[in-house]
Amino acid sequence: RDIMGEAWDSVWAPCRIKGRAGVGVAVRRGRVGFEGEPRPVLDDAETDVDSGRWLETVVRREGAQTPLRVVSAYFHSGEKDTPKQEAKMAHLPRIGARMAELLADEEENGVPSLVCGDFNVVRSEADIKNWKPNHNKRAGVLDEEIVFLNRWVEEGWRDTVRDLAGDVQGPYSWWSWRGQAFVNNAGWRIDYQYATPTLGERARSFVIGRAEEYEERFSDHAPVSVTYEV
């Protein structure tokens, strides 16, 4: 509440290493609310480097019979052929194991899940303006990473922005601060909302909150908003 203001209730999971990762979920007070205690870790194998990257909350939805599990996620950025990439590749299978559990929970118990955040990986050539100079040369565009995001979709997760946007280039959500990337729209689509099937079918529209001008940017990312029908 200190960060979001009086109109919101929020939960946060900061990294145990100062100045590193951090994730959070906020809900409007009076309309929805949290149920139970949030889950601020992915699993028992979490390290300090992995902390502040996964926060699960169960949200009571106005007008809905079942709650919604919301996950705020921040995947490692990685850096090709470095320990940072090794940490990323160790983390992705653990994320996949939890994603499988969340899919099963919707199928068996009717509880949908939404995993949102900075995944730091593109899914295909359509998700990055400059594919050829980056493919298998930079973290986030490595085949060994891409396979995870596509596998989750194959298993049943819905990439809601891609579903709504269709077979187009982009829409991008990240642009480097360097050079003319933002001006030339040389971006990457690395911020996602992955929904379990029944929730994904209720996605109706999306907005990428791209600043009008370079000087108006508050981040190298732009907010990704999706509207779902209750």
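**View 1. The largest pocket.** The largest pocket holds about 1,500 Å³ of space. The model is predicted, with local features needing pLDDT of at least 70, side-chain atom pairs counted only at pLDDT 80 or more, and totals for chains, interfaces and linings using all residues. Residues are numbered from 1 along each chain as its sequence is written, and side-chain values use heavy atoms, with hydrogens and water left out. A pocket is an open set of points, on a 1 Å grid over the protein atoms alone, where a 1.4 Å probe fits, with protein on both sides within 12 Å along at least five of seven lines; lining residues have an atom within 4 Å of a point. Its volume is the space filled by probe spheres set on the points, which are joined across faces, edges and corners. The lining of the largest pocket comprises 41 residues, and Ala26, Val70, Leu114, Cys116 and Gln193 lie nearest the centre. Two or more lining residues come from each of strands S1 (8-14), S2 (22-28), S5 (68-74), S6 (113-118), S8 (191-195) and S10 (224-228). S2 gives the most, seven residues. Strands (E, at least two residues) and helices (H or I, at least four) are DSSP runs numbered from the N terminus. By class, the lining has 25 nonpolar, nine polar and seven charged residues. Ala, Val, Leu, Ile, Met, Phe, Trp, Tyr, Cys and Pro count as nonpolar, Asp, Glu, Lys and Arg as charged, and the others, Gly among them, as polar.

**View 2. The second largest pocket.** About 700 Å³ of space lies in the second largest pocket. Of its 24 lining residues, Arg138, Ala139, Trp174, Ser176 and Trp188 lie nearest its centre. The lining divides into nine nonpolar, nine polar and six charged residues.

**View 3. Helix H2.** The 13 residues of helix H2 (residues 143-155) reach 18 Å from first C-alpha to last, close to the 18 Å expected at 1.5 Å a residue (1.5 Å times one less than the number of residues). Glu145, Ile146, Phe148, Leu149 and Trp152 are the buried residues of H2 (under 20% relative accessible area, 1.4 Å probe, protein chains only). Down the axis of H2, these residues fall within an arc of 150°, so they line one face of the helix; the arc is that of the directions from the axis to the C-beta atoms. They pack against helix H1 (83-109) and S8, contact meaning heavy atoms within 4.5 Å. Just after H2, Gly156 takes a positive phi of about 135°.

**View 4. Val230.** Val230 lies in the segment after S10. Val230 is exposed (over 50%), with a relative accessible area of 59%. Not counting residues up to four places away in sequence, Val230 touches Glu62, Gly63, Ala64 and Arg202.
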